Amino acid sequence: MRVNLSGVEPWGSAESLPPGDYIMKVCEVEETTSKNLNPMLVVDMEVAAGDFKGAEHRDWITVTEKSLGRVVGILTAFGIKIPDGEFNLDGKLLVGKRAVVTLREEIYDGQAKVRVKAYAAAPDATDVPADLPAAQPAAAAAADTSDLPF
């Protein structure tokens with residue numbers, strides 16, 4: 001196999017966003033399983049406005065009994081209405097939604113990484129019932145980040 005890799009940057013070499021608050025739009029969500037065999041959403045987002053518009057960031061949302069408060073905060077920030085009782089959490093409901101995402105730098109496996117600290121409703125968030133299309137404006141809500149899974 002012959003290839004030309006001249007001028008190609010290695011994956012993972014891209015600059016991280018600096019810590020701060022960003023209005024981000026969800027581009028893609030993958031439903032998968034964590035290393036500990038828990039349900040997990042891999043959420044790919046991009047900055048929707050400002051100096052870093054178009055810059056990308058990824059978050060891993062593990063769904064465990066301990067992290068349910070974080071899940072509620074994230075869904076609320078993106079304007080997803082949470083029904084009473086058990087329901088099917090479809091990660092695709094997040095695609096196209098916006099929220100204010102707070103990033104912070106923390107040490108993970110001995111290296112400084114920029115990770116999501118919190119989610120909050122963006123000024124234009126919408127209230128979307130789980131399994132239905134967009135409805136009316138939602139109230140702002142702060143995310144519970146006291147139990148991050150990493």
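**The sheet**

There is an open sheet of 5 strands here, in the order 3-2-1-5-6, with antiparallel pairing. A strand is a DSSP run of E with at least two residues, numbered from the N terminus, and two strands pair if DSSP finds at least two bridges between them. At the edges are strand 3 (56-62) and strand 6 (111-121), and each of these pairs on one side only. On average, neighbouring strands of this sheet are turned by 40° against each other, direction ignored; the axes behind that are lines fitted to C-alpha atoms, and angles run from 0 to 180 degrees between N-to-C directions.

Before the details, a word on the source. This is a predicted model, in which local features need pLDDT of at least 70, side-chain atom pairs count only at pLDDT 80 or more, and totals for chains, interfaces and linings use all residues. Residues are numbered from 1 along each chain as its sequence is written, and side-chain values use heavy atoms, with hydrogens and water left out.

Now strand 1. How many bridges join strand 1 to strand 2? There are 9, and strand 2 covers residues 39-47. Thr33 stands opposite Pro39 in strand 2. The two strands form a hairpin with 5 residues between them, and Leu37 in the turn has a positive phi of about 65°.

Strand 1 (residues 20-33) also pairs with strand 5 (residues 98-108), antiparallel, over 6 bridges. Here Gly20 has Leu103 of strand 5 as its bridge partner.

Last, strand 5 pairs with strand 6 over 10 bridges, again antiparallel. Val100 stands opposite Ala120 in strand 6.

Notes:
Helix = DSSP H or I, 4+ residues; strand = E, 2+ residues; numbered from the N terminus.
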